[in-house]
Amino acid sequence: MLKEHPEEFGPRVGIREYSFLDNPSLPKQVKESWLDVHLCQGGSDGCRASNDTSPLGVLKFPKHSNQETFETIFSSFKDFKVIQFSSMQDAFLGFTDKTREEKFRKRVKRYVGIWCCVENHTPGHIYYDMYWDEKPGWKPVPPQTAADDHPHW
């Protein structure tokens with residue numbers, strides 16, 4: 001995840017430890033620059049793609065939004081240090097720029113590790129396929145030989 005990748009993998013994705021925002025050393029300007037985003041059902045009361053926040057600084061943002069909607073709305077909030085979503089489930093419908101999507105998918109596919117463990121089998125693990133849910137009928141199958149015991153890249 002921290003390794004530098006060539007341009008074909010898209011822009012670098014910054015990674016921080018999970019507790020970064022709870023760290024007492026977090027600068028005050030970060031703590032005070034926070035946008036809460038609550039996902040809502042598009043078309044419901046007060047839920048529309050807009051850069052209007054509530055008086056409490058909460059942005060209602062429609063589920064199933066695409067790349068273009070994200071870029072349009074969140075460009076207004078580029079100066080915020082933290083954008084916190086109530087959930088990411090069903091937040092992102094997909095990329096509109098297919099080249100960017102391909103680069104992102106290449107990068108993310110290399111982030112996954114070994115799904116461990118398979119009993120009574122050598123090698124004793126399965127490499128996790130990040131996009132398994134897009135492949136009807138896919139089943140986790142352990143490597144059958146030592147030569148298969150690594151991702152193809």
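Visitor: Which residues make the nonpolar surface patch?
Guide: Tyr128, Met130 and Trp132 make a nonpolar surface patch of about 260 Å². Bear in mind that this is a predicted model.

Visitor: Where is Met130 found?
Guide: Met130 is in the segment after strand 7 (125-127). The relative accessible area of Met130 is 30%, so Met130 is partly exposed.

Visitor: Switching to charges. How many salt bridges does the structure hold?
Guide: Eight. One of the salt bridges joins the side chains of Glu8 and Lys106, at 3.5 Å from N to O.

Visitor: Which parts does that pair tie together?
Guide: Glu8 lies in the segment before helix 1 (28-31) and Lys106 lies in helix 3 (residues 98-109), so the pair ties together parts that are 98 residues apart in sequence.

Visitor: Which residues are linked in a network of salt bridges?
Guide: Glu8, Glu102 and Lys106.

Visitor: What about Arg100, which side chain does it meet in a salt bridge?
Guide: Glu71, with 2.7 Å from N to O. Arg100 lies in helix 3 and Glu71 in helix 2 (residues 67-74), so this pair ties together parts 29 residues apart in sequence. Arg100 is partly exposed, with a relative accessible area of 40%. Glu71 also counts as partly exposed, at 39%.

Visitor: And Lys98, what does it form a salt bridge with?
Guide: Glu101, the closest N and O atoms being 3.3 Å apart. Lys98 and Glu101 both lie in helix 3, three residues apart, which is about one turn of the helix. Lys98 counts as exposed, at 55% relative accessibility.

Visitor: On to rings. How many aromatic pairs does a search of the whole structure find?
Guide: The search finds 10. Among them is a stacked pair, Phe70 and Phe74, 5.7 Å centre to centre with 25 degrees between the planes.

Visitor: Where do Phe70 and Phe74 lie?
Guide: Both are in helix 2, four residues apart, about one turn of the helix. Phe70 is buried, with a relative accessible area of 15%. Phe74 is buried as well, at 12%. Phe74 also pairs with Phe77; that pair is tilted, 6.2 Å centre to centre and 55 degrees between the planes.

Visitor: Is Phe77 buried or exposed?
Guide: Buried, and so is Phe74.

Visitor: Which residues form the aromatic cluster?
Guide: One cluster takes in Phe61, Phe70, Phe74, Phe77, Phe80, Phe85, Phe92, Phe95 and Phe104.

Visitor: Which ring does the charged end of Arg16 sit over?
Guide: The ring of Phe20. The distance to the ring centre is 4.2 Å.

Visitor: Backbone now. What is the phi of His64?
Guide: About 60 degrees, a positive value although His64 is not a glycine. Most residues other than glycine have a negative phi. His64 sits in the loop between strand 2 (58-62) and strand 3 (65-66). His64 is partly exposed, with a relative accessible area of 40%.

Visitor: What is the phi of Asp90?
Guide: Near 65 degrees, again positive in a residue other than glycine. Asp90 lies in the loop between strand 4 (82-85) and strand 5 (92-94). At a relative accessible area of 37%, Asp90 is partly exposed.

Conventions: Residues are numbered from 1 along each chain as its sequence is written. This is a predicted model: local features need pLDDT of at least 70, side-chain atom pairs count only at pLDDT 80 or more; totals for chains, interfaces and linings use all residues. Side-chain values use heavy atoms; hydrogens and water are left out. Helices (H or I, at least four residues) and strands (E, at least two) are DSSP runs, numbered from the N terminus. Buried means under 20% relative accessible area, exposed over 50%, partly exposed in between (1.4 Å probe, protein chains only). A salt bridge is a side-chain nitrogen of Lys or Arg within 4 Å of a carboxyl oxygen of Asp or Glu. Patches are made of residues with over 30% relative accessible area and no salt bridge: like charges are joined within 9 Å, nonpolar side chains (Val, Leu, Ile, Met, Phe, Trp, Tyr) within 5 Å. Accessible areas come from the Shrake-Rupley method with a 1.4 Å probe; for residues, only the protein chains shown count as cover. Rings of Phe, Tyr and Trp (its six-membered ring) pair if their centres lie within 6.5 Å; planes under 30 degrees apart count as stacked, over 60 as edge-to-face and the rest as tilted. A charge sits over a ring if NZ of Lys or CZ of Arg is within 6 Å of the ring centre and within 35 degrees of the ring normal.
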